[in-house]
Amino acid sequence: MLGLLAALVIVTCLTFPLISDYAVIPYLEGAFGSVSGSIVVALQSGNIYILLAMLALILLLPLPFFGKTKRKIVPTYMCGVNSGDDLSFQGAMNCNTQLSLRNWYMEDWFGEARMNKFGLVITILAIACAFVLILGGVTL
């Protein structure tokens, strides 16, 4: 899924001048009429600069995540004296305790399957409303 989103971002950046020419500029001309003449000219002349800036950012933003770090790697804190294997610790009353990771997730209320249904419905409604506004137009 993440690969698909990355591909869509790159496609959107590459097709930005087309999106601007066929969607944004006609909308501005329709919404603002003849007043938008200078705005349209500015957008049309700046499309290539915006495209280059977006592509440069796509290439430059991941760079900090590569390479060596200067951060000190420390052992895991386990609320007691680490036994040395990072899997158990000596806790209160000199008791040896195994490491366990737990949380209260409330799967019945906030589980992925349940939240996915609500998210899907809300997303479909938002996209449908956007299409109605774009294709149907808005008259004030």
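A residue counts as exposed when its relative accessible area is over 50%, and Asn-94, with a relative accessible area of 60%, is therefore exposed in this predicted model.

**View 1. Asn-94 and Met-93 in the loop between β2 and β3.** Asn-94 lies in the loop between β2 and β3, and Met-93 belongs to the loop between β2 and β3 as well. Most residues other than glycine have a negative phi. Asn-94, although it is not a glycine, has a positive phi of about 60°, and for Met-93, which is not a glycine either, a positive phi of about 60° is likewise found. Met-93 counts as exposed because its relative accessibility is 81%, a value to be read against the cut-off of over 50%.

**View 2. The open sheet formed by three strands.** The strands follow the order β1-β2-β3, and their pairing is antiparallel. The edge strands are β1 (81-82) and β3 (96-98), each of which pairs on one side only. Strands of a sheet pair through backbone hydrogen bonds, in either a parallel or an antiparallel arrangement. Between β1 and strand β2 (residues 88-90), the antiparallel pairing extends over two bridges, and Val-81 has Gln-90 in β2 as its bridge partner.

View 3. Gln-90, which is placed in strand β2, counts as partly exposed because its relative accessibility is 33%. When residues up to four places away in sequence are not counted, Gln-90 touches Gly-80, Val-81, Ser-83, Cys-95 and Asn-96; Val-81, one of these residues, is also its bridge partner. The C-alpha atoms of Gln-90 and Cys-79 are 8.6 Å apart in space, while the two residues are eleven residues apart in sequence.

**View 4. Met-78 in the loop between α3 and β1.** Met-78 has its place in the loop between α3 and β1 and is buried, because its relative accessible area is 4%, where buried means under 20%. Once neighbours within four places in sequence are left aside, the residues in contact with Met-78 are Asp-86, Leu-87, Ser-88, Phe-89 and Leu-99. Leu-99 is 21 residues apart from Met-78 along the chain, and a distance of 7.3 Å separates their C-alpha atoms.

**View 5. Ser-20 in helix α2.** Helix α2 (residues 16-32) contains Ser-20, which counts as buried because its relative accessibility is 3%. With neighbours within four places in sequence left aside, Ser-20 is in contact with Ile-25, Pro-26 and Asn-47.

**View 6. A nonpolar surface patch that includes Leu-5.** The patch, of about 580 Å², is made by Met-1, Leu-2, Leu-4, Leu-5 and Leu-8. Leu-5 is found in helix α1 (residues 2-14) and counts as partly exposed, because its relative accessibility is 43%.

**View 7. Confidence along the protein chain.** The mean pLDDT of the protein chain is 81, and 94% of its residues reach 70 or more. Among the elements of the chain, helix α5 (residues 112-136) has the highest mean pLDDT, at 91, whereas helix α3 (residues 37-60) has the lowest, at 79.

How values were computed: Residues numbered from 1 in each chain as written. Predicted model: local features only at pLDDT ≥ 70, side-chain atom pairs only at ≥ 80, totals over all residues. Heavy atoms only, no water. Patch = residues over 30% accessible without salt bridge, like charges linked within 9 Å, V, L, I, M, F, W, Y side chains within 5 Å. Areas by Shrake-Rupley, 256 points an atom, 1.4 Å probe, with all protein chains shown as cover. Salt bridge = Lys/Arg side-chain N within 4 Å of Asp/Glu carboxyl O. Helix = DSSP H or I, 4+ residues; strand = E, 2+ residues; numbered from the N terminus. Buried < 20%, exposed > 50% of the residue type's maximum accessible area, 1.4 Å probe, protein only. Pairing = 2+ DSSP bridges. pLDDT = per-residue confidence, 0-100. Contact = heavy atoms within 4.5 Å.
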